[in-house]
Amino acid sequence: MLNRSGGPLLAFYGSRGLGKTSLLREAQRQAQAAGFLTAWVTGRDDVSLAPELARWLGEEIRREKAFGDRAKGLLHNLDRVQVELGVPGARVGFEVASSRESAAIEEALEDAGRFARNHDKHGLALFVDEFQEARLGDRRSLLIALQHFDGAPAGCPVAIIAAGLPSMHAAVPEAATFGERTDFIEVGLLTDVAVAEALRLPAKRLDVEWSDDAIGAAIEQAAGYPHRVQLIGDMTWQAARPSQGDLIAAGHVQQAADLVDQRMAGLYRSRLAKLTPEQRRFVDAMAALGDDDVARAEIASRLAVSTEAVSRPRQELVDRGVIEPAGHGRLRFTVPGFARYVRDLNVPE
Ligand SMILES: Nc1ncnc2c1ncn2[C@@H]1O[C@H](COP(=O)(O)OP(=O)(O)O)[C@@H](O)[C@H]1O
Ligand SMILES: [Mg+2]
């Protein structure tokens with residue numbers, strides 16, 4: 001993904017638990033190994049990204065002993081950004097602060113990218129997780145920094161790789177019209193082969209095998225959801241307590257199943273707890289309609305309201321990554337098993 005010379009934003013999107021952060025971490029490792037200076041920030045709506053970005057860049061640059069004294073000026077600037085913008089409650093008016101923060105982000109990226117390019121690195125690769133959460137001004141500054149290098153003769157020394165919820169589709173162009181050129185890549189559920197590999201490969205390194213039946217049972221339980229794969233792998237391993245040369249059997253997967261369900265229930269619970277009453281009514285109605293995708297009109301009719309009346313909670317739930325469009329006015333929950341969990345909760349005692 002890094003052999004493109006800068007260019008537009010590269011954005012991985014998908015709902016929670018699909019492995020976007022893990023993917024981004026792996027990409028960062030690869031970028032470092034391939035000779036890029038890297039930095040990592042996580043989008044936040046309560047503070048500017050500028051000080052965090054400056055801190056990360058400063059640490060990375062100090063770690064590169066080869067830069068030596070040549071990095072002095074750049075480090076000085078980055079330290080200043082942290083001091084001036086990183087102090088909570090600094091008495092700067094909101095407007096002033098945000099334009100200074102924007103300038104700081106653009107400058108930090110451009111200076112660090114150029115410096116890296118001129119000092120034995122390919123350039124700077126910035127990883128932005130939860131992009132949709134970042135403040136509008138910060139999102140704009142990130143895109144502007146990329147835009148500044150557009151058409152640069154030597155190629156762009158800055159690449160930005162982002163990850164976030166599907167609402168990134170709106171969060172990017174909202175920040176800058178040229179954001180429309182972003183390369184969006186969907187991160188979806190895992191295929192059966194990917195689930196099998198995720199379980200088999202780490203075990204193999206410890207000389208433990210999964211039987212075909214065990215893998216079959218795990219694939220069925222996981223329903224392609226990475227977080228669930230992680231739990232199945234962990235809980236099954238604890239049930240089997242394998243030593244070198246052992247075989248994990250389907251029985252171990254079954255033994256672990258209850259614990260996996262309990263842990264998944266924790267995830268469902270925390271998602272439900274964050275919903276507004278209006279969103280919760282929508283979710284209850286949708287869950288009652290089954291595990292497959294559900295027509296929006298059916299949800300409205302179950303709530304005895306018009307289709308328009310459900311458009312707000314629908315959009316909010318999509319933005320939060322709880323549900324996602326499934327084509328033709330239909331919707332589905334993003335986490336397998338969620339509908340059943342909600343139905344079980346709603347069964348009258
Ligand atoms: N390719 C994968 N195969 C198996 N498990 C994965 C994979 N990618 C991520 N996971 C696991 O899924 C969970 C969610 O991953 P995370 O990267 O935090 O997702 P997201 O950022 O999309 O919410 C973690 O427990 C992670 O270890
Ligand atoms: Mg994440």
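## Model and conventions

Residues are numbered from 1 along each chain as its sequence is written, and chains are lettered from A and ligands numbered from 1 in the order in which they are written. Because this is a predicted model, local features need pLDDT of at least 70 and side-chain atom pairs count only at pLDDT 80 or more, while totals for chains, interfaces and linings use all residues.

## Overall content

The chain holds 14 helices and 10 strands; helices (H or I, at least four residues) and strands (E, at least two) are DSSP runs, numbered from the N terminus. The C-alpha trace spans about 65 × 60 × 40 Å along its principal axes.

Of the 349 residues in the chain, 38% are buried. A residue is buried if 20 or more other C-beta atoms lie within 10 Å of its own, exposed if 12 or fewer, and partly exposed in between, with C-beta atoms placed from the backbone. Among contacts with a separation of 6 or more, 72% join residues 24 or more positions apart; two residues are in contact if their C-beta atoms, placed from the backbone, lie within 7 Å.

## The parallel sheet

An open sheet is formed by 5 strands in the order S2-S3-S4-S1-S5, with parallel pairing. Strands pair if DSSP finds at least two bridges between them. Strand S2 (37–42) and strand S5 (183–186) are at the edges with a single partner strand each, so one side of each has no neighbour in the sheet. From one strand to the next, the twist averages 20°.

S2 pairs with strand S3 (residues 124–129) in the parallel sense over 6 bridges. Val-41 has Val-128 in S3 as its bridge partner. Helix H6 (residues 168–175) packs on the sheet and touches strand S1 (10–13), strand S4 (158–164) and S5. The direction of H6 makes about 150° with that of S1; axes are lines fitted to C-alpha atoms, for helices over the stretch in contact, and angles run from 0 to 180 degrees between N-to-C directions.

## Helices H5 and H6

Helix H5 (residues 136–148) packs against H6 at an angle of about 75°, and their axes are 8 Å apart. H5 is therefore roughly perpendicular to H6 (angles under 35 degrees count as roughly parallel, over 145 as roughly antiparallel, 65 to 115 as roughly perpendicular and the rest as oblique).

Leu-136, Arg-139, Arg-140 and Leu-143 of H5 make the contact with Ala-171, Glu-174 and Ala-175 of H6. These residues divide into 4 nonpolar, no polar and 3 charged. Ala, Val, Leu, Ile, Met, Phe, Trp, Tyr, Cys and Pro count as nonpolar, Asp, Glu, Lys and Arg as charged, and the others, Gly among them, as polar.

## Helix H9

Helix H9 (residues 226–240) has 15 residues and should span 21 Å at 1.5 Å a residue, which agrees with its end C-alpha atoms being 21 Å apart. The expected span is 1.5 Å times one less than the number of residues.

Buried residues of H9 include Pro-226, Arg-228, Leu-231 and Met-235. The cover over the buried residues of H9 includes helix H7 (192–205), helix H8 (212–222), strand S7 (247–248) and helix H10 (250–273).

## Positive phi values

Most residues other than glycine have a negative phi. Arg-241, in the loop between H9 and S7, has a positive phi of about 40°. Arg-241 is exposed because 8 other C-beta atoms lie within 10 Å.

Glu-130, in the loop between S3 and H5, has a positive phi near 50°. With 18 C-beta neighbours inside 10 Å, Glu-130 counts as partly exposed.
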